Each structure stands twice: as C-alpha cells, then as structure tokens.
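Q: Hi, could you walk me through this structure step by step? I'd like to begin with its disulfides.

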Amino acid sequence: MIQRRKLGTMLGATLATGALIAVGFAGPAYAGNGNGNGNGNKSVSQQLRKAVTATGVNQHLKALQKVADANGGNRAAGTPGHVASAAYMEAKLKKAGYTTWRQPFTYDKSVVDTAVLDQTAPTTVSYEYGVDFVEATNASEGDISGAVQAVDVNLVGDRASTSACEDTDFDNFTAGSIALVQRGTCDFRTKAENALANGAVGVIIFNQGNASESEDREALFGGTLGDTIFSLPVATTTFALGETLANTAGAEVRLAFDAHIETVNTFNLFADSRFGDVNKTIVVGGHLDSVAEGPGINDNGSGTASMLETAIQMTKTKIVPKNKVRFAFWSGEEDGLLGSNYYVAQLSAAQIAQHAANLNFDMVGSPNAVRFVYDGNGDAFGTEGPTGSDAIETTFEDYFASQGLETAPTAFDGRSDYFAFIENGIPAGGLFTGAEGRKTVDEAAIFGGTAGAAYDPCYHAACDDINNIDQKVLGQMADAIAHATVVYAEAKTLKGHGKGNGKNHNNKSYGKNHGSEKFGYKGYDKGR
C-alpha cells in the first residue's frame with residue numbers, strides 16, 4: 001500500500017481518459033453463502049474456498065521471500081526482484097491455463113541523494129532520514145543553516161495548535177531563522193508561506209502530538225506543500241524531535257536536501273480467463289511490487305499470493321466464469337499507484353464501459369489485523385464509490401457475516417490501486433487488514449490483538465518478511481477473496497474438462513509506454 005506521503009497531487013489529478021464513466025453494473029445475481037451453481041449441494045463459492053487454503057497461499061509467499069532474498073532484499077518496481085516475482089506468477093498462471101500478457105510502462109521518480117537534519121548547536125546531533133524526518137513534498141532542494149525559532153507551538157495539555165496559521169504568529173520572529181512549526185488547523189502550505197513571508201530560510205513542521213485513535217499524531221509523518229514547488233527547504237518530523245528542538249535554548253540546525261531523477265522501466269502482469277463475457281470484465285487486482293526497504297510479504301505479497309491461489313484453484317476445480325476475469329498484478333504502486341493508473345489511462349471509452357468491477361486486495365495478512373472492507377456506499381466515511389461499489393461492500397460484509405466474522409469499514413482514501421477505477425466510474429471494493437495505523441481499543445475488543453499498536457509494525461520495513469503474516473487472518477481473507485471473485489464472475493462448475501476457445505488479449509490496443517512524468521516523494525497529507 002502506498003504511503004500517505006506519496007499521494008500528493010495525484011489525488012486531484014485528472015487521468016488521461018478524462019474521467020470516462022463506466023456503464024453501471026448492478027452486481028452478481030447471488031451473494032453470501034447460498035447454494036449457487038455447484039456440484040450437489042455445494043455452491044461454487046464453497047468449492048473454491050475449500051480448495052484455496054492458507055497453506056497454498058503461504059507457498060507462494062515463501063517463493064516471493066526467496067525472490068527477495070536473491071535480489072537485494074526487495075521486489076521493488078524496475079528491479080530484478082520484481083521481474084523474478086512476475087516470472088513466478090506468470091509461470092503458475094500459464095500452467096493453470098490463463099492467457100497472460102505484460103503491459104510495459106516507464107516513469108521517472110525522485111531518488112534522494114542528500115537528506116540532512118543535524119543539530120549543530122549547542123550540541124551536535126544527527127537525525128536519521130525516514131526515521132526522524134523526511135522532506136515535505138514539493139519543497140525546494142537546498143542546504144541551509146540557522147537558528148531554530150519555534151512559532152506559536154503548544155507542547156502541553158491537548159496540544160491544540162494553530163502554529164504558523166496566522167501572520168501574527170510571527171510577530172517576534174527573527175528573519176534568517178529556520179521556523180519550527182507544529183502540525184494542526186491549517187494546511188502545510190499556509191504554514192510555510194507565512195514563514196517565508198516573515199523571513200524564514202527554511203521550515204521544520206513537527207507532528208502535533210495530540211490524541212487520536214485512528215492516527216499516530218506523534219510519529220513521523222509526511223506532508224505535501226500543494227501542487228507546485230515551494231521556494232524553501234521544508235522537513236516534517238516526529239513530535240518528539242520538534243519538542244526537543246523547541247525546548248533546546250540556542251538550537252541551531254543544518255537542513256539539506258538534494259535528489260536526482262531515475263527512470264524506471266517496469267510492467268503490469270495480467271492473466272485473463274479463457275471464458276467469460278468481455279463486456280462484463282472483472283479486474284481482480286493487487287500490486288506485486290514492494291518498497292525498496294524490504295521484501296513486501298504482507299505489502300503486498302499477501303494480496304497477490306491470495307489472488308494467484310484463487311486463480312489456480314478456479315481452473316483446478318473446473319470453475320468457469322460467465323464474466324471475463326482479469327487478474328492484474330500491478331507494478332509501480334509504491335511509487336504512486338502508477339501501474340493501475342497507466343492501465344486505466346490507456347483504456348478507450350468503449351473499453352472503460354467493458355469493465356464491470358474492480359476488486360482490490362492490498363495487505364491481507366497483517367499481524368495485528370482488522371478485517372477492513374472498503375466503504376463502497378460511503379455511509380461510514382462520506383466518500384462513496386461509483387454505483388455498484390455498495391454492492392461489492394455488501395458482498396464482503398454478507399460473506400463474513402455468514403462465517404460469523406466481524407468486519408469494519410475503511411475509506412476510499414486513494415492509497416491503493418482501486419483509485420484509477422473509481423475516478424473513472426468503475427465500481428470498486430476490496431479488503432485490507434491495516435498498515436501503519438494504530439488499532440483502537442474498540443477494534444482490539446472485537447478483533448483481538450493489541451490496542452495502540454500498529455496493524456502492521458513492519459509496514460514498509462525490512463521486517464515485512466515471511467514471519468510478518470497472521471496465518472489465520474490470511475486464510476480468512478483468502479477465502480473472502482475467492483468468494484467475491486466467483487460471485488462477481490457469476491461462475492459455474494463445468495462437467496468434464498471444460499476446454500474452450502478463449503481469445504488472446506490484444507495488448508497493442510493499450511497504446512504506447514507511459515511518458516516521463518516525475519514521481520517520487522509525493523505528499524502524505526496536505527495539512528492538519
């Protein structure tokens with residue numbers, strides 16, 4: 001799953017399709033755990049869920065771990081680790097009888113060469129990039145030094161903050177200083193603009209430190225300074241670091257950022273069912289790439305391995321879809337949802353209309369998990385998906401209820417590969433078990449686990465390895481993935497071998513490779 005800092009301006013961007021709207025899809029004729037079409041009294045869903053096991057999914061996760069181990073510890077887009085991951089998936093899918101194809105694309109990303117935040121007086125302390133601080137999105141590169149001056153910060157009580165939101169906050173500010181401001185109330189660009197207007201040579205924005213059940217307001221966070229480059233170097237930091245600098249008399253720091261642009265050549269991998277109506281294509285998707293920091297076994301080996309096992313067992317159990325099923329293994333997700341964005345951007349209006357739904361599975365084995373279902377109808381978070389997204393949500397909720405398992409809603413916040421689909425009117429939904437967010441007391445009471453701890457303490461870290469999976473949760477989520485896939489495929493079981501004459505996908509219709517658009521450290525949040 002993409003970090004919040006990588007969202008940045010893409011949330012407001014218009015895709016190359018011009019936001020084409022898909023034809024509405026009412027959803028499957030049946031859902032839940034009913035009889036459906038099957039052998040004897042077993043529904044198709046029951047057949048497939050019996051075949052899809054956590055043990056089977058885990059075999060694929062072990063393979064992905066081996067790939068990472070052999071390729072520098074990661075499976076990031078554009079690296080041999082990603083290529084080897086795709087080769088493993090593709091070989092399994094071909095053997096299972098799917099038509100596989102690759103969709104190449106290219107993008108540029110910003111790679112940090114220099115990132116320094118050092119306290120130089122009254123004592124010297126060096127802080128670690130990615131642990132203590134990061135560069136704010138769309139901040140300028142530069143190398144500056146100066147005295148640190150806190151601007152209307154609140155370090156006690158509820159830590160309510162309007163720091164740097166008003167020009168009057170800088171009445172006693174000394175020009176030439178580095179402004180130390182606290183998160184809260186207004187957006188980061190406003191804080192930075194006010195600092196610049198009052199003579200600051202750089203800005204450090206630290207986390208607010210206020211209580212929040214759903215978000216760690218003391219941890220490192222990233223912020224975006226809007227859609228255009230801001231003219232000063234700006235860092236975002238933990239609350240603890242901001243508090244330290246604010247309480248250190250005579251504090252001086254050096255703040256420096258420099259980066260270069262690197263071109264990434266990569267590809268999406270697809271596997272199309274041999275049967276099914278192409279005019280009601282169901283895209284079952286998850287990203288195959290990891291971050292550079294680790295092997296990405298939960299994020300998102302768990303989702304793609306569950307998809308792979310579902311695909312394999314569909315053909316082994318002779319389950320045939322009425323609607324075309326396209327299993328999509330996206331690349332470039334960790335750099336900005338680039339693979340899925342590229343795929344949708346290449347679709348014509350007619351091809352958009354052929355897409356009935358997108359089922360997205362990103363992180364489904366978190367160690368401190370909640371069974372999250374995307375809020376398709378918007379009743380929990382106020383942001384509903386395109387017509388039909390509510391039916392996808394209901395399909396998952398009804399399924400889990402039939403198994404005696406609780407669920408909780410999660411927002412369409414643009415952090416995973418459903419984003420391009422819902423932006424273009426294609427119904428979407430899916431599952432998620434949590435990333436860096438912290439489990440609430442109420443969630444721990446319902447789902448077990450540890451309140452106050454991250455859903456995945458190894459999110460985007462080297463420890464996101466084969467040991468970073470809750471096998472019980474993985475099995476539950478894999479079953480739900482299998483269930484929703486056959487429900488939306490409106491599948492049935494063929495008697496005999498069920499051989500048919502599916503046509504290959506014409507990859508040429510998807511256009512030329514993606515151009516050189518700069519992506520990199522996109523902002524987590526615009527403010528507050």
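Q: Which handedness does the link of cysteine 458 and cysteine 463 have?

A: The link of cysteine 458 and cysteine 463 is left-handed, with -115° about the S-S bond. Please keep in mind that this is a predicted model, in which local features need pLDDT of at least 70, side-chain atom pairs count only at pLDDT 80 or more, and totals for chains, interfaces and linings use all residues. Residues are numbered from 1 along each chain as its sequence is written, and side-chain values use heavy atoms, with hydrogens and water left out.

Q: How many disulfides does a search of the whole structure find?

A: The search finds two disulfides, a disulfide being a pair of cysteine sulfur atoms within 2.5 Å. In one of them the sulfur atoms of cysteine 458 and cysteine 463 are 2.1 Å apart, and cysteine 165 is joined to cysteine 186 with an S to S distance of 2.1 Å.

Q: Are cysteine 165 and cysteine 186 buried or exposed?

A: Both cysteine 165 and cysteine 186 are buried, where buried means under 20% relative accessible area, exposed over 50%, and partly exposed in between (1.4 Å probe, protein chains only). In the other pair, cysteine 458 is buried at 12%, whereas cysteine 463 is partly exposed at 33%.

Q: Changing topic, where does asparagine 323 lie?

A: Asparagine 323 lies in strand 11 (residues 323-330), and asparagine 323 is buried, with a relative accessible area of 1%. Strand 11 is mostly covered, since eight of its eight residues are buried.

Q: And which side chain does the side chain of asparagine 323 make a polar contact with?

A: That partner is the side chain of glutamate 490, at 3.4 Å. A polar contact is a pair of N or O atoms within 3.5 Å; within protein, one must be able to donate a hydrogen and the other to accept it, and residues adjacent in sequence count only if both atoms are side-chain atoms.

Terms used: Helix = DSSP H or I, 4+ residues; strand = E, 2+ residues; numbered from the N terminus.
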